[in-house]
Amino acid sequence: MEIKIALAGNPNSGKTTLFNDLTGSRQYVGNWPGVTVEKKEGKLKGQEYKDVIIQDLPGIYSLSPYTLEEVVSRTYLVTEKPDAIINIVDGTNIERNLYLTTQLLELNIPIIIALNMMDLVRKNGDKVDTKALSEALGCEVVELSALKSEGTEALVKKAIAIANANKLATANEVISGEAKEAIKKIENIIKGEVDEKFLHWNAIKAFERDEKVMESINLSESKKAEVEKVISECEKALDDDSESIITNERYNYITEVTDKAVIKGRKKGELSASDKIDRVVTNRILGLPIFAGIMFFIYAIAMGGWSISIGTAATDFTNDVIFGEWVPGLFDVILGALHVEEGTVLYGLIQDGIVAGVGAVIGFVPQMLVLFLLLSILEDIGYMARVAFVMDRIFRQFGLSGKAFIPCLVATGCGVPGVMASRTIENERDRRMSIMTTTFMPCGAKLPIIGLIAGAIFGGSPWIAASAYFIGIGSIVLSGIILKKFKAFAGIPAPFVMELPAYHVPSFVGVLRATWERGWSFIKRAGSVIVVSSVIIWFLTAFGNVNGHFGLVDELFEDEAVVTDEYINELSAKMDVPTTEVNSMDASLLASVGDAASIVFKPLGFGNWKPTVATVTGLVAKEEVVGTFGVLYSYDDMDGAEELGEEGEQIWDRVRADYTPIAAFSFMLFNLLCAPCFAAIGAIKREMNNRKWTWAAIGYMTGWAYVISLITYNLGGMIAGEVAFGFGTIVAIVLVVTLLYLIFRKGYQPKGNEGLEMAVKINA
Amino acid sequence: MPLSMADIDEIVVIKRISGSDEIKQHLAELGFVVGEEIHIVSKNGGNMIVKVKDSRIALDKGLANRIFI
Amino acid sequence: MPVVLGHIIVISVLCVVLFICGKNFVKMISSELKGGSCCGCSGGCSGCSKCGTAHKN
């Protein structure tokens with residue numbers, strides 16, 4: 001017989017850790033129907049617990065009808081009627097946590113309390129008398145330290161026991177006095193109209209004038225009037241509004257309970273370690289510099305060019321040695337032993353297609369791993385929430401909330417969770433705006449692009465990486481300012497209120513695991529997407545039309561009758577490639593198609609078939625841009641130079657030859673800012689929940705990328721002396737002026753409360 | 001006076017919370033009710049970090065202005 | 001070993017590899033475009049610590 005157990009508790013109470021502990025990997029994650037709130041369900045671990053389902057509810061502070069998470073949770077509890085509830089309570093924060101508990105108790109569902117973080121409670125010097133607490137609340141209380149898996153066994157056994165026995169909490173008076181009388185009266189009025197089990201709960205909600213509950217009860221007009229009369233009388237008697245009355249009753253009850261069961265070790269007003277850290281880290285003068293310093297430090301280690309830059313060192317090794325010499329060498333030997341000679345199609349496909357393409361991308365895994373590791377640590381410590389707070393002051397000047405900053409930070413790892421992190425923004429308009437601009441941030445997959453350009457053209461300068469991030473953040477902020485001036489987005493940002501969890505030492509295992517999973521998925525991506533893309537690209541470069549003859553371009557190029565000097569010059573001019581570098585690929589199918597499309601990118605400085613093709617492949621996965629380069633630049637040039645196997649830097653030299661610095665920079669910017677990869681697009685689609693907006697987001701990002709690249713190439717190029725004054729320059733100047741106008745104009749002024757609505761009005 | 005004017009390290013008591021029902025209720029759920037004590041941990045240009053009922057809550061200036069102590 | 005055999009071995013291995021990669025490719029892209037799993041970045045939410053952040057209100 002299936003048992004359903006719901007897991008409910010405050011955010012930051014350790015619910016997720018407990019859920020993971022209970023279900024291991026047997027989890028299913030989806031969405032609650034119709035809303036972008038995550039639904040997590042899992043089967044209890046352990047042979048003897050077959051058929052026990054654990055439903056993880058979103059972290060909530062109460063069962064009020066005001067936020068999506070709360071509505072989704074209460075709807076679940078009232079319609080699905082789980083067999084038991086495990087209420088996870090943060091022991092270091094009991095009073096606030098019990099607020100939800102009082103509401104759960106009213107649901108008449110068997111409930112057991114998991115008192116978490118007990119190790120922290122003890123460390124703080126506080127004492128909780130679990131037995132007294134249990135007596136006061138009327139249900140079992142189990143001590144837990146979810147991080148250390150203590151107490152979980154006992155919890156599970158007891159939860160199942162009460163589920164099977166349908167053992168309800170012993171009745172206790174949360175609400176007393178006048179309010180209690182009023183609720184009793186309402187119970188009598190609505191009796192018969194609601195499920196008997198939830199009579200008490202519905203009566204309380206009716207007393208609070210809870211809209212959603214009133215809708216679902218559907219009373220006759222006369223009954224509604226009766227209820228209203230009861231409420232008004234009580235409000236008059238207690239001189240307060242009904243919601244506040246109930247809130248106060250709850251807190252009074254909680255105080256009674258904690259008086260009996262909780263003893264505080266710390267003196268009032270004493271600051272905990274976390275508070276002391278926060279004093280410094282969120283200080284009005286130090287806060288921002290500290291943050292900038294930390295981020296710079298992280299990127300220096302992962303991507304810089306200094307001695308602490310272990311990321312770069314490892315990547316260089318991988319690129320130059322592993323994929324520069326060992327792997328191609330190994331394949332050379334194996335293929336040779338199997339009689340697949342160099343120069344054959346098969347050999348080319350494997351060495352110049354797969355190995356070159358995949359190798360180019362995998363080379364960057366070390367850098368990404370280091371970055372992911374550092375970001376994980378930062379997140380695990382709890383610093384991210386503080387960052388939102390520090391940035392809020394600045395963001396608010398631009399009409400944005402500090403909460404809009406978190407998606408940006410998360411997106412530096414991967415854009416997909418970055419887009420999803422926009423869920424913390426309650427204001428619908430701000431949320432859409434955040435989704436639209438989050439992927440401007442360079443994600444892990446874009447690192448290879450930065451690495452390639454920085455390495456090949458700019459001598460490994462760390463300023464290139466830094467500029468990529470500044471331009472990313474700059475784009476987000478400027479976009480925010482510009483978009484907010486339009487009617488669709490105007491409105492004051494929602495008030496910023498956020499709970500800051502205590503700092504804690506990052507879990508070594510947790511961080512390593514998170515990093516490993518990220519790295520592994522990157523490699524898996526390389527294994528599937530990159531291999532296939534590289535093969536396809538290689539094929540398209542293997543065949544083509546050489547001076548009127550169609551066939552394998554490599555073979556045709558060996559025939560001097562076909563490949564005349566004249567033809568070479570023609571090809572060189574057409575493809576804009578120096579005659580010494582012209583090779584068979586330039587005559588291939590891909591080259592012709594790419595060349596035709598490259599017109600689009602001429603104003604941006606990279607109107608050439610290779611970068612055009614690379615940019616398009618970036619849609620599949622941003623890493624693929626580098627993968628494509630790997631394939632497209634591993635050719636035998638006209639001098640019969642050695643193939644890629646010997647010097648990994650061969651590509652880099654060739655790339656350097658093909659681009660002027662400003663063109664390369666423009667290319668990098670375009671790829672960093674334009675529409676993100678399919679995965680991110682999918683995430684955007686899901687979060688926007690609306691076709692029009694999804695396309696708007698993609699269009700906006702690509703448009704922005706185009707404009708920025710154009711300006712950079714034309715104006716930047718002119719300043720650097722690489723580009724002459726011309727039509728492009730004029731267009732660039734016009735664009736700059738337009739941008740400045742959009743940034744500084746007055747914009748749409750919303751009236752009154754317009755724009756403030758929370759993203760929560762749903763029909764649950 | 002509004003909370004936003006309190007100084008760092010002060011411990012103050014809430015006298016009144018102004019504003020719409022939704023905001024008031026949300027604050028109440030976090031522990032901000034009349035009669036409750038607040039310990040100011042940090043201030044950043046009007047935005048504040050305070051301790052209420054043992055938890056650490058960050059508030060922006062707008063909200064801090066609505067809580068009267 | 002005869003040349004033909006060598007070629008056959010290489011081609012068969014290649015086909016298997018490409019088949020597996022191709023299958024994964026299609027699976028990944030179609031699930032990504034649909035909006036896919038929680039993270040899209042790793043196989044399942046148990047590992048993606050980011051999703052935990054996404055719900056702090």
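This is a predicted model: local features need pLDDT of at least 70, side-chain atom pairs count only at pLDDT 80 or more; totals for chains, interfaces and linings use all residues.

Two strands count as paired if DSSP finds at least two bridges between them. With that rule in mind, Asn545(A) stands opposite Phe550(A) in β12(A).

**A hairpin in chain A**

- Strand β11 (residues 543-546) of chain A pairs with strand β12 (residues 549-552) of chain A in the antiparallel sense, over four bridges.
- Together, β11(A) and β12(A) form a hairpin with two residues between them.
- Asn547(A), in the turn of this hairpin, has a positive phi of about 50°.

**The interface between chain B and chain A**

- On the side of chain B, 35 residues are in contact with 45 residues of chain A.
- The two chains bury about 3500 Å² between them, and 52% of this area is on carbon and sulfur atoms.
- Within chain B, the residues that lose the most area to chain A are Glu29(B), Asn44(B) and Arg56(B), which together account for 21% of what that side buries.
- Between chain B and chain A there are 18 residue pairs in polar contact, with both residues at pLDDT 80 or more.
- Four elements of chain B each supply at least two residues of the side that touches chain A: α1 (21-30), β3 (37-44), β4 (47-52) and β5 (55-59).
- Of the elements of chain B, α1(B) gives the most to this side, with nine residues.
- Sorted by class, the side of chain B that touches chain A has 14 nonpolar, nine polar and twelve charged residues.

**Strand pairing across the two chains**

- Strand β10 (residues 497-499) of chain A pairs with β5(B) in the antiparallel sense over three bridges.
- Within this pairing, Val497(A) has Leu59(B) of β5(B) as its bridge partner.

**Salt bridges**

- Side chains of opposite charge can pair when their charged atoms come close.
- The count over all chains is 29 salt bridges, and the count between chain B and chain A is six.
- Arg56(B) forms a salt bridge with Asp278(A), and the closest N and O atoms of this pair are 3.8 Å apart.
- Asp56(A) forms a salt bridge with Lys15(A), with the closest N and O atoms 2.9 Å apart.
- This second pair links distant parts of the chain, since Asp56(A) is in strand β4 (residues 52-56) of chain A and Lys15(A) is in helix α1 (residues 15-23) of chain A, 41 residues apart.

**Aromatic pairs**

- A search of the whole structure finds 20 aromatic pairs over all chains.
- The rings of Phe489(A) and Trp693(A) have centres 5.5 Å apart and planes at 75°, so this pair is edge-to-face.
- Phe489(A) lies in the loop between α22 (462-484) and β10 of chain A, and Trp693(A) lies in helix α32 (residues 691-719) of chain A, so the pair ties together parts that are 204 residues apart in sequence.

Terms used:
Residues are numbered from 1 along each chain as its sequence is written. Chains are lettered from A and ligands numbered from 1 in the order in which they are written. Side-chain values use heavy atoms; hydrogens and water are left out. Contact means heavy atoms within 4.5 Å. Buried area is the accessible area (1.4 Å probe) that two parts lose on being put together, summed over both. A salt bridge is a side-chain nitrogen of Lys or Arg within 4 Å of a carboxyl oxygen of Asp or Glu. A polar contact is a pair of N or O atoms within 3.5 Å; within protein, one must be able to donate a hydrogen and the other to accept it, and residues adjacent in sequence count only if both atoms are side-chain atoms. Ala, Val, Leu, Ile, Met, Phe, Trp, Tyr, Cys and Pro count as nonpolar, Asp, Glu, Lys and Arg as charged, and the others, Gly among them, as polar. Rings of Phe, Tyr and Trp (its six-membered ring) pair if their centres lie within 6.5 Å; planes under 30 degrees apart count as stacked, over 60 as edge-to-face and the rest as tilted.
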